[in-house]
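Please consider the following structure with its sequence.

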Amino acid sequence: MEKLYFFLSGFLTDFYENRFQAYPQIVKIAYAGIFISFTVTSLCYLLVYFRRVNQAYIGSKTDKWKAEIENILTGSVIQFNSEDYQQEDITEIAENLRKLPMHKYIVRQIVVNELMFLHKNFSGKVNILISSVYLLIGLDKHSRRKLKSWRWYIKAEAIEELSEFGIHEIAPHFLKYVNSKNITLSMQAQSGYLQASKTDPFIFLDYANQNLILWHQINLMEILNRKKDIEIPAFSKWFTSKNNSVVIFCIRLMVKFNQTDCVKDLIKLAHHENEEVRKEMIAAFGDMSLVDYELHLTIHFRNETLPCKIEIIKTIGKIASNDELNFLKNLLLDPEFQIRFEAAKAIRKHGEKGEMILFDLLENLSVENRDVVLHVLDSKLSA
Amino acid sequence: MENLINSVILHYNHFIFIFAASIMLWYLVISLISIREIMLYKRKNSFIDFKKLLNSPYTPPISIIAPAFNEGKTIISNVHSLLSLQYPVFEVIIVNDGSSDSTLLKLIKEFKLQLVDFAYHTHIKTGPIRGIYKSANPAYGKLIVLDKENRKNKADALNTGINIASHPYYVCCDVDCIIDNKALLKLIKPIIDEEKQVIASGAVIRIANGCEVDQGFLVNVKAPKNFLTRIQEVEYLRSFLLGRMAWSRINGLIIVSGGIGIFEKKIAVAVGGYDTNSFGEDMEMTVRMRKHMNNLGIKYMVKYIPESLCWTEVPPNLSIFIKQRVRWTKGLVQTLLDHKKMWFNSKYGRMGCLSFPYWILYEWLAPIIEFFGILTYIYLIANSLIDFEFSIVLLVFVFSYAVMITTISIIWEEYTNQVYKTKKEIFQLMLTIFLEPFFYHPIIILAALKGNLDLLFNRQHKWGDMGRMEIDAELPAQAQTVKSNPKTNLGAQKMSPAA
């Protein structure tokens, strides 16, 4: 071994002093490149190997801790889902959890994740019990520390944890991230505020100056479906917002919570400059079955863009009051295919009467329009 | 005269050197960019619960368009697999592209299909259609089968599918591909989660050869055993995880593979659909969609996600492989030449000033430059015009650098999908990298040259015959390994450039 060492060091010294230094610059660079490439490739191999080994080790440890945590929590959750619990019961659960190596970040995080899972899936007494355990073990401190991190994803995790367990006083801190350039962090801040704020959970809509993208809206809707204790304001308040995505979201919320009192404000949006807002407004009429406004839509029809016209036809089909069948019949002669097609579908949605009209029309229509009518009359296609 | 030749060759030698240095630098840059993009995707995704999309009425509905030509052997299991994808509202449009085998009959029998009076409207001009079928069984309500005359190209079949698609987004895929169950949820995510309008999005395509498949569903992922398919897996990983992720990050992506990709239907219709004369219809379409958005002055993006959502069979033998690569080269060159006005044109932003120069220099011209470079090298050695030792050092450097870059792409696979469960499989894949420059790369060069020559001399193209997976839908439900059958001659038109 010693011989090999001397041989190698001698060879390398000789190579460096007598040959390498005499090489042209480009060959020197090539040698350095070979060395770097070889080192990086070798590191990649080692990385794969150690990552796999580490994964297996961490995986087994995590599984063990998870099983222990589940063992402590699941029994209590099942028991207290039907029975009342005392403060001592909470203390006992907390004590059992404290027996775990809570000084380790990974263990604390597993406990938080498990508690979050149960908190999301249980309501009532168990929900409160889990929040109490979270606070009693001091895991809120763990989350608050994460909120101070410079990494956006750690911050986002912290917001998720603190809001899930209803730490109300921290909610105002989330507002500063509502307009973060990082859209995931801004989404977490919006959702977090909605869940954590006790006084005015929708106030973040006043602050939002960025586009409230569809994924964020879906996320917020899901929270509203899950958390029934969130105070619901009149959403027409935001119909005048300069942020069009906020207006659209609020129209959707107005429909979701069937806020018929807001309809008079909704109608004002008919002249909104943004096509998407007008389209959402029209769809809202259909979703809320506002029969009285059907005529209003037909009057607006002529001046609207094609997507809004189509939305109006769909809305009349949804309302299906029978009052606007003539309007729809006339549209079957429109030069635009999509309008003819949607008009035929809307007539069909009027039930038997609509079907009768379509059958009557079949004989007098052109071949192309007859195809449209036959299409909508085919039950396999309209299913 | 000899002096002149020597001078030209030496200058060419210098040019090759600068060219090689620039390509190596570029690969280093895209490796670094892709790290950032993949990490960002992974971190963003840790906050995603796809169940929310499943339960929301606001999740945009999707049409899946899958052209099928003589897919009788596998069509039933493949359609069942497509129908079982997780997504709230979607339709599956199978375009039977004039199959001469039992594809349509099998579909009619299995799904109890009946001809319907479909109001077919020609948004995009296509070849004649023979009929549209829907199932009498409401359980298959999502399925529409369109039978059309074969026009010898996939583009026409896709355009017909777009004409009957009723949803605002469509996913185009090869019917024989195995699609991940959550693929639609993952593909729509970038579209609804970006400030800018996302007009198209793609995902990583992986190799199904060697995997265990049961009735069109992927049961067990295994690394390909055949050397040619395994080396293609390495190439796909490098291409998708390094190349496309980096291009996605800088919003310069000009190809979303035909294997799996989601597109905004409105834009596809506005640009007149897929080009039926193109050999690389997927790339050509992406370029035209981007051009359209640039011309309108609307901010937009084309995204890629680093997840393996589609598993496809790749050519198992050399002759089929070369045919495929020749077609890809022709598609690439055709697309680049069709859009000459966009080259180095600042009006088209990054696409004109970055993507096109890259594709021209490093994808189209690189094999040609490399071929002449090898000839020059041989001449220089033969005439003792080059220091042999130094040239070997430079060659070893290029080799070790290429190995390093490809190894990094395998690392990204480890960090993102980790589809291979055993260490052995991943190390086998990594060892294959060392052989790529000797056995695989020269074939790629020759196929690219042939593609260029075919296009130059206007030689007629015959669609590459692909061996088809031996999965018989009639067999009992038991897991079976995908074996390619090089003897089957089905004339399938597979996805285009993975480069």
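In this predicted model, Ile65(B) has Ile93(B) as its bridge partner in β2(B). The two strands concerned, β1(B) and β2 (residues 90-97) of chain B, run parallel and are joined by seven bridges. Between them the chain passes through helix α3 (residues 75-83) of chain B, and this β-α-β crossover from β1(B) to β2(B) is right-handed. Strand β1(B) also pairs with β6 (residues 169-173) of chain B, in the parallel sense and over four bridges. In β6(B), Cys172(B) is the residue that stands opposite Ile65(B).

Strand β1 itself, residues 62-68 of chain B, is mostly covered, with seven of its seven residues buried. Ile62(B), Ile64(B), Ala66(B) and Ala68(B) point one way from the strand, whereas Ser63(B), Ile65(B) and Pro67(B) point the other way; all are buried. A residue counts as buried here if 20 or more other C-beta atoms lie within 10 Å of its own.

Lys134(B) has Ile144(B) as its bridge partner in β5(B). The pairing between β2(B) and β5(B), in turn, is parallel and comprises six bridges; within it, the partner of Asp97(B) is Lys148(B). Strand β5(B) is mostly covered, since six of its six residues are buried. Leu143(B), Val145(B) and Asp147(B) point one way from this strand, and Ile144(B), Leu146(B) and Lys148(B) point the other way, all of them buried.

Why is α5(B) described as largely enclosed by the rest of the structure? Ten of its eleven residues are buried, so the helix is largely enclosed. The buried residues include Lys154(B), Asp156(B), Leu158(B), Ile162(B) and Ile164(B).

Further along the sheet order, strand β8 (residues 197-207) of chain B is mostly covered, with ten of its eleven residues buried. Ten bridges join β8(B) to β12 (residues 300-312) of chain B in a parallel arrangement, and Val204(B) stands opposite Ser308(B) in β12(B). With β11 (residues 260-264) of chain B, the pairing of β8(B) is antiparallel and spans three bridges; there, Ile262(B) is the bridge partner of Ser201(B).

The next topic is backbone geometry in two loops. Ser384(B) has a positive phi of about 50°, although it is not a glycine. Ser384(B) is placed in the loop between α11 (349-382) and α12 of chain B, and it counts as exposed because it has 8 C-beta neighbours inside 10 Å. In chain A, Asn322(A) likewise is not a glycine and has a positive phi, of about 75°. The loop that holds Asn322(A) lies between α16 (306-319) and α17 (325-331) of chain A. With 10 C-beta neighbours inside 10 Å, Asn322(A) counts as exposed.

Finally, the contact between the chains takes 40 residues from chain A and 37 residues from chain B. On the side of chain B that touches chain A, α1 (2-45), α2 (50-55), α12 (388-416) and α13 (423-456) of chain B each supply at least two residues. Helix α12(B) gives the most to this side, with 13 residues. By class, the residues of this side of chain B divide into 21 nonpolar, seven polar and nine charged.

Conventions
Residues are numbered from 1 along each chain as its sequence is written. Chains are lettered from A and ligands numbered from 1 in the order in which they are written. This is a predicted model: local features need pLDDT of at least 70, side-chain atom pairs count only at pLDDT 80 or more; totals for chains, interfaces and linings use all residues. Two residues are in contact if their C-beta atoms, placed from the backbone, lie within 7 Å. Ala, Val, Leu, Ile, Met, Phe, Trp, Tyr, Cys and Pro count as nonpolar, Asp, Glu, Lys and Arg as charged, and the others, Gly among them, as polar. A residue is buried if 20 or more other C-beta atoms lie within 10 Å of its own, exposed if 12 or fewer, and partly exposed in between; C-beta atoms are placed from the backbone. Two strands pair if DSSP finds at least two bridges between them. A crossover is right-handed if, with the strands pointing away from the viewer, the path from the first strand over the helix to the second runs clockwise.
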